[in-house]
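Here is a short briefing to read alongside the sequence and the model. Take a look at the fold first, and then walk through the points below.

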Amino acid sequence: MPNFRIRLLATSAVVLMSTSGWAASFDIAGGDLKSALGEYAAQTGVPLMVSDDAIKGVRSAGVRGDLSVDAALARILAGTGFVAEHHSGGTIAVVRSRSQSNAAPDDSPMELAQAAPARGAVETVTVTSSKLGGADVQSIPISITALSQEQLTATQTAGGPDLVKQVPNMTFTKTNFSGYSIELRGIGTQAISVTTDPAVAVAFNDIPFIRNHFFEQEFYDVSSVEVLRGPQGTLYGRNATAGVVNLESAKPTDQFEAMASGDVGNYQNRRFEGMINLPIVDDRLDIRVAGEWTKRNGYTTDTTLNTPVDGRDLWSGRMTVSWKPTSNFQTDLVWEHFNEDDDRMRPDQRSRPSTGVFKVVSVV
């Protein structure tokens, strides 16, 4: 089916340059140097280039008070054996001090530059569906397929059934009602009904949903879609014998962002998607609103009435509020609504009541 895509992308981001005249109030607790640098980069917007392997296990005293961005970074690196080197474009490389360069020659700026992802390299996708939550997909010691929103769009993976084109050992079947079956490595539930529990759990932001609209609803504004093969009962309970499909929605950020896209094709196909991210109070309170609408005629013709059937008419909306009152506490509140009223051959013509998800990300 030929498609013509119109994409409007508006992104506003402010990169704060490291100057001694600009000051801010810092409250970064002591601890792991990697975490301290991450909080520093998130608060200032200054791009940092650092090797994770080089700073692994290094501790920092943190920084507190009203300081310039240069002075704050120097406080974070004090006593760690690392220093900051400024490069063109505002990028700062965190490298070992010259006094320790002989002991660690591999941490030179050249090695750090090679550690940065090059164009055409494998995209890094952060996986949450494991006991190593927040780790790179290439470092997770389990069989997993993780797809980002960019990969889903590029491969036209619009919904749950389309994952069979991207995930090995995965099959998908649907009944005449609202039940469906996902099988991984040939393991699944053959008896499909409203009273039967699945063998592959479907989760949203790591929260399992036994009753869901995985077949009907389309993917939009997601951070990643993760498919884990093999038993996952430790994190997802008894209904994860064969594996888990976890949808991770995009979370609010402290930068203004907006996106709108539209697809137009034959069979009067129309699909529109949009998103807007609004920082309300610095990085402490942010709101993200996204929505999607799809409508098309069916691919099948009723020869008796001479009308198309198996069409689509649905929309979905989501609002996410991220609240971070302190550096050690963050919550995400997600509200979502789904509505479908189409003439598909296997319909689920109803409006799903609005649902809310409350998730505490971290408490220390």
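**Buried charges and the fold around them**

Glu273 is buried, with a relative accessible area of 11%. The coordinates come from a predicted model, so please read every value below as computed from that prediction.

**Overall picture**

- The protein has five helices and 25 strands.
- Of its 364 residues, 40% are buried.
- Looking at contacts between residues at least 6 apart in sequence, 58% join residues at least 24 apart.
- The protein exposes about 19100 Å², and carbon and sulfur atoms supply 55% of that area.

**Salt bridges around Arg271**

- The side chain of Glu273 meets that of Arg271 in a salt bridge, at 3.1 Å from N to O.
- Arg271 is buried as well, because its relative accessible area is 13%, under the 20% cut-off for buried residues.
- Arg271 also forms a salt bridge with Glu292, here at 3.4 Å from N to O.
- This second pair links distant parts of the chain, since Glu292 sits in strand β20 and Arg271 in strand β19, 21 residues apart.
- Both Glu292 and Arg271 are buried.
- Which residues are linked in the network of salt bridges? The members are Glu218, Arg271, Glu273, Glu292 and Arg312.

- Nine salt bridges are found in a search of the whole structure.
- Asp221 lies in the loop between β15 and β16 while Arg288 belongs to strand β20, so the pair ties together parts that are 67 residues apart in sequence.
- Are the two partners buried or exposed? Asp221 is buried, with a relative accessible area of 8%, and Arg288 is buried, with a relative accessible area of 8%.
- As background, side chains of opposite charge can pair when their charged atoms come close.

**The five-strand sheet**

- Five strands make up an open sheet with mixed pairing, in the order β11-β16-β17-β14-β15.
- At the edges are β11 (144-148) and β15 (207-208), each of which pairs on one side only.
- β11 runs antiparallel to strand β16 (residues 222-229), and five bridges join the two.
- Within this pairing, Ala146 has Glu226 of β16 as its bridge partner, and Thr145 has Val227 of β16.
- For context, strands of a sheet pair through backbone hydrogen bonds, either parallel or antiparallel.

- Five bridges pair β7 with strand β8 (residues 92-96) in the antiparallel sense.
- In that pairing, the bridge partner of Ala84 is Val94 in β8.

- Phe256, Ile276, Leu278, Ile280, Val281, Val289, Met319 and Trp335 make a nonpolar surface patch of about 630 Å².
- Strand β19 (residues 269-281) gives the largest share of the patch, with four residues.
- Val289, a patch member, is found in strand β20 (residues 285-296).
- Why does Val289 count as partly exposed? Its relative accessibility is 36%, and the partly exposed class lies between the buried limit of 20% and the exposed limit of 50%.

Notes: Residues are numbered from 1 along each chain as its sequence is written. This is a predicted model: local features need pLDDT of at least 70, side-chain atom pairs count only at pLDDT 80 or more; totals for chains, interfaces and linings use all residues. Side-chain values use heavy atoms; hydrogens and water are left out. Buried means under 20% relative accessible area, exposed over 50%, partly exposed in between (1.4 Å probe, protein chains only). Contact means heavy atoms within 4.5 Å. Accessible areas come from the Shrake-Rupley method with a 1.4 Å probe; for residues, only the protein chains shown count as cover. Two strands pair if DSSP finds at least two bridges between them. Patches are made of residues with over 30% relative accessible area and no salt bridge: like charges are joined within 9 Å, nonpolar side chains (Val, Leu, Ile, Met, Phe, Trp, Tyr) within 5 Å. A salt bridge is a side-chain nitrogen of Lys or Arg within 4 Å of a carboxyl oxygen of Asp or Glu.
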